[in-house]
Amino acid sequence: MATSESVSETAEFEVENIGGIDSTQVSVPPGVTVLTGKNATNRTSFLQSIIAAMGSNQATLKGDAEEGYVKLTFNGDTYERTLTRAGNSVTVDGDGYIDDPKVAELFAFLLETNEARQSVARGDDLREIIMRPVDVDDIQNRIRGLEERKDEINDKLTTIEDRKTEIPEFEQRREQIQEQIRDKKEELEKKEDEIENSNRDIETGRQEQEELEAKLDELRSTRSDLESTRRQIETQTESITSLKQERSELEADLADLPETPMGDHQHLETEIENLRETRQTLNSQISDLQSLIQYNEERLAEEDYEVLDTLDVADQSESNGSPTDELLADGDDDITCWTCGSMVERDQIEDTVERLRERRQDLMQELNEVKSELEDLKATQREAKQQQNRRDEIERNLADIETELESREDQLESLKSEREALTEDVESLEAEVDDLESEDFEEVLSLHKEANQLEFEIDSLESDLEGVSEEIEEIEEMLDRADNLREEREELGDQLTDERTKIDQIEAEAVEEFNEHMDAMLGILDYKNLDRIWIERVEQTVREGRRKVEKTVFDLHIVRTTENGAAYEDTIDHLSESEREVTGLIFALAGYLVHDLYETVPFMLVDSLEAIDSDRIAQLVDYFEDYATYLVVALLPEDAQALDDDVTRVTAI
């Protein structure tokens, strides 16, 4: 789909059986297009057709038709929507220009019943309307994910900093070991020289000496195995201690969790499902009411009451009295009700429409309460699931620890048995060496024993040196990764700031857009003693369902000036109908701009401006033209005369 910034050609519309239109073709070039004509000339019906072509379902099928359609040829592409009657309802098929029209329905399609446009006069929650297109849950989920990753990085950096403090100790230990190895090697070299000198003086007993040296080699090897076994025993003992400590910590964590988190909340799924069904029902009822209200308001506004050829009251009763799509006009003041065929006063229908509006408002309030309660239950359910997952994880870890403990304890017992056997072997070899010693060889044998011991000690020291060096290398590798982790943490911090302030930014931008354009509009329209209309963001404690929360609200201020120049704050109730209409339109424009609709929705539609005088309508249209590529406005002929001659005028639909 093309963005509105790239749109430059004339849009061609072909419409059949939409609203009150039988069949028509209309060209809409870029800029301002004015649909001019008296009431009941299908101007609003054509605006509905544009809305349908954009992708919205807010269009009605002609009362005497079973099928209608709108086709848009635009920028080399064709978009077609078909409306088909199905019993008491109408189905809409086909792809529109916009994939999701909800935001456009709020802030671009500004017909008389548009919610954003009417929100000011009705005293609606302005902040809720501006923020409705924002997926707050998605933002919060992204924030949680970023926070978890940041916590993970912080834990790693804390570990790195802790290990960093160990480097001086390891380096000192490495130097000590290296010095000890040098000393031992020097001592061993001296011993080997002494052995060599002693061997030159001894020419006899060569066979006994070789046997003794073999025994000494065997003794040295056995001692080495014994020392290795002792080290393994120490390692296993330390691991067992660490596992028991970890087990103790996990058992403490497990004790803090409920025994059956999800078992305590088995009812939640049922309650949540019930609330979802209630929400769906309320949404459906609100949608039906909105369609009914909109249709009847259009018929009342345009006085477009087409008389049916026949009125079968019996057929109407068989449909259980469900509303169709139009009222029947009969005379100036009396109207034939299409649902029952009786004559009713126009005021009665207007009163009924007003009651429908009140019913819709009540349903909206009920819907908000259901949504709040649903969020509370979902939060409780999420917490229970998290606790259950944590409990399951701890129990799995405890089972793994028990298995590993059992394995290591078995290994420890085996190593202890091996140590006992090696100790016995060493004692036996030492006894055999003692038996082979003689007075002639006593000195050289002693030197061999000392040399063997030195070699064993050197091997042990070199093993220690390797372990210390590996620890230092591991810490240095961690330090090398620390800079990357800090950079990632900083980026995460920036992302978190963006996400956390995104809602504030949208709210602040909406307030700024409204205040800026409202000031400009009042300066242009020059309403008497109306100085300023502006929105202030304030924090208030409000009730959501059964709880109270801190929430941002938009507080609308109206400032007037008395004849003697004194300023005072007024209320929305005291605004003229013209002033209220302008304020509602500027609020809708603020939503259009803050949600960047000018990038994706080329058409802005406006009708029902009769409450505003002709000159101000012309100034308003001229102002809005700067923000929409295609601005289509429905005006009475006397109001259209005030617009510049260069605007496109459509007089027949």
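**Figure 1. Contacts of Gln 118 in a predicted model.** Gln 118 touches Glu 112, Thr 113 and Glu 581, leaving aside residues up to four places away in sequence. The model shown here and in the other views is predicted. Gln 118 sits in helix H3, which covers residues 115-122. Its relative accessible area is 18%. Buried means under 20%, so Gln 118 counts as buried.

**Figure 2. The loop residue Asn 17.** Asn 17 belongs to the loop that links strand S1 (11-16) with strand S2 (23-28). Look at its backbone. Phi of Asn 17 is near 60°, a positive value, and the residue is not a glycine. Most residues other than glycine have a negative phi. The relative accessible area of Asn 17 is 14%. That value is under 20%, so Asn 17 is buried.

**Figure 3. The loop residue Asp 526.** Asp 526 lies in the loop between helix H11 (442-525) and strand S11 (530-544). Asp 526 is not a glycine, yet its phi is positive, at about 55°. Is Asp 526 buried or exposed? Its relative accessibility is 58%. The cut-off for exposed is over 50%, so Asp 526 counts as exposed.

Figure 4. Glu 471 is part of helix H11. How many residues separate Glu 471 and Glu 166 in sequence? They are 305 residues apart in sequence. In space, their C-alpha atoms are 9.3 Å apart. Glu 471 touches Arg 163 and Phe 170, not counting residues up to four places away in sequence. The relative accessibility of Glu 471 is 29%. This falls between the cut-offs of 20% and 50%, so Glu 471 counts as partly exposed.

**Figure 5. The largest nonpolar core.** This core has 104 residues. Which residues have the most contacts inside it? They are Phe 13, Phe 603 and Phe 624. Helix H11 gives the most to this core, with 14 residues. A second core is separate and has 17 residues. Leu 282, Ile 293, Leu 300 and Leu 367 are among its members.

**Figure 6. Close-up of Phe 13.** Phe 13 is one of the residues with the most contacts inside the largest nonpolar core. Its contacts, not counting residues up to four places away in sequence, include Phe 46, Ile 50, Ala 53 and Phe 603. Phe 13 also touches Thr 24, Gln 25, Val 26 and Val 28.

Terms used
Residues numbered from 1 in each chain as written. Predicted model: local features only at pLDDT ≥ 70, side-chain atom pairs only at ≥ 80, totals over all residues. Heavy atoms only, no water. Helix = DSSP H or I, 4+ residues; strand = E, 2+ residues; numbered from the N terminus. Buried < 20%, exposed > 50% of the residue type's maximum accessible area, 1.4 Å probe, protein only. Contact = heavy atoms within 4.5 Å. Core = buried A, V, L, I, M, F, W, Y, C linked by side-chain atoms within 4.5 Å.
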